Amino acid sequence: MKKFIILFVLSLCFVGISYDASAQVRKKKSTKTSKTSEKEKQKSEKVALIDKLNPEFLIGNVGFFNGFYVSTKAAVGYKLSNRFTVGVGGKLFYNQYGAPGPDPSLFDYGGLVYGRGKITNEIYIQAEYDFMHYEDRTINFNSNLKAANINYPAIGLGYISGMGKWRFGIQLLYITNTLAQDYQSSSVVEYWVGTSYNF
């Protein structure tokens, strides 16, 4: 009887230890699985955020008449849906005027916010609001346009072509402010060509 009790107690201990060991292994596996699924979830969220961003770099308004003119525009958009994007960016205009002696040059710069809606997968309409600083033109350029900060809306159309994430296109924007048109060499329209990622 004494041997039976000892054997019974040892069996219970053995079963208890083996159950405890298997429970710990299951717990570790489930913890590891939950950590893995959490990492995958975070990774998918990061991928989703990247897929919603639309950076682009554009060059435009190139001119060689009585000088040299070129401008650049960089922007990053956030895709609210497959059809609508809002974003922010910046512009830089370089103007080098032909004149007797050293050619005078100007740097005009500013920021912008925009909204874009796709009409088709290639054609879109864009409304933009620009915050520009224009340099003084009175000293070297025989002009009455002093340094000024001008905010104005612009609206226009764009066309994107190509396959994959990187695509190329052109954009035409009508400058609604006549004073801003004067500062931009009497241009009524800005034109831009460049590349867009994840359009």
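Colleague: Which residues line the largest cavity?
Modeller: This is a predicted model, in which local features need pLDDT of at least 70, side-chain atom pairs count only at pLDDT 80 or more, and totals for chains, interfaces and linings use all residues. Residues are numbered from 1 along each chain as its sequence is written, and side-chain values use heavy atoms, leaving out hydrogens and water. A cavity is a set of points, on a 1 Å grid over the protein atoms alone, where a 1.4 Å probe fits but cannot get out, and a lining residue has an atom within 4 Å of a point. The lining is Glu56, Leu58, Tyr124, Tyr159, Ile160, Gly169, Ile170, Gln171, Gly194, Thr195 and Ser196.

Colleague: How much space lies in the largest cavity?
Modeller: One cavity of 30 Å³ or more is counted. Grid points are joined across faces, edges and corners, and a volume is the space filled by probe spheres set on them. For the largest cavity that comes to about 50 Å³.

Colleague: Which elements give two or more residues to the lining of the largest cavity?
Modeller: Elements are DSSP runs numbered from the N terminus: helices (H or I) of at least four residues, strands (E) of at least two. By that rule the contributors are S1, S6, S7 and S8.

Colleague: What is the volume of the second largest pocket?
Modeller: A pocket is an open set of points with protein on both sides within 12 Å along at least five of seven lines. The second largest pocket has a volume of about 210 Å³.

Colleague: Which residues are closest to the centre of the second largest pocket?
Modeller: Strands S1 (53-63), S2 (67-79), S3 (84-97) and S8 (189-197) each give two or more residues to its lining. The lining has 17 residues, and the closest to the centre are Asn61, Tyr69, Gln184, Ser185 and Ser187.

Colleague: In what order do the strands of the closed barrel run?
Modeller: Two strands pair if DSSP finds at least two bridges between them. Here eight strands close a barrel with antiparallel pairing, in the order S1-S2-S3-S4-S5-S6-S7-S8.

Colleague: Which residue of S5 is the bridge partner of Tyr109?
Modeller: S4 (residues 105-118) pairs with S5 in the antiparallel sense over ten bridges. A hairpin of four residues joins S4 to S5. Tyr109 has as its partner in S5 His133.

Colleague: And in S6, what is the bridge partner of Asp130?
Modeller: S5 and S6 (residues 148-161) run antiparallel, joined by twelve bridges. Asp130 has as its partner in S6 Tyr152.

Colleague: Is Asp182 buried, partly exposed or exposed?
Modeller: Asp182 is found in helix H2. Buried means under 20% relative accessible area and exposed over 50%, with partly exposed in between (1.4 Å probe, protein chains only). The relative accessible area of Asp182 is 40%, so it is partly exposed.

Colleague: How far apart in space are Asp182 and Leu145?
Modeller: In sequence, Asp182 and Leu145 are 37 residues apart. C-alpha to C-alpha, the distance in space is 8.4 Å.
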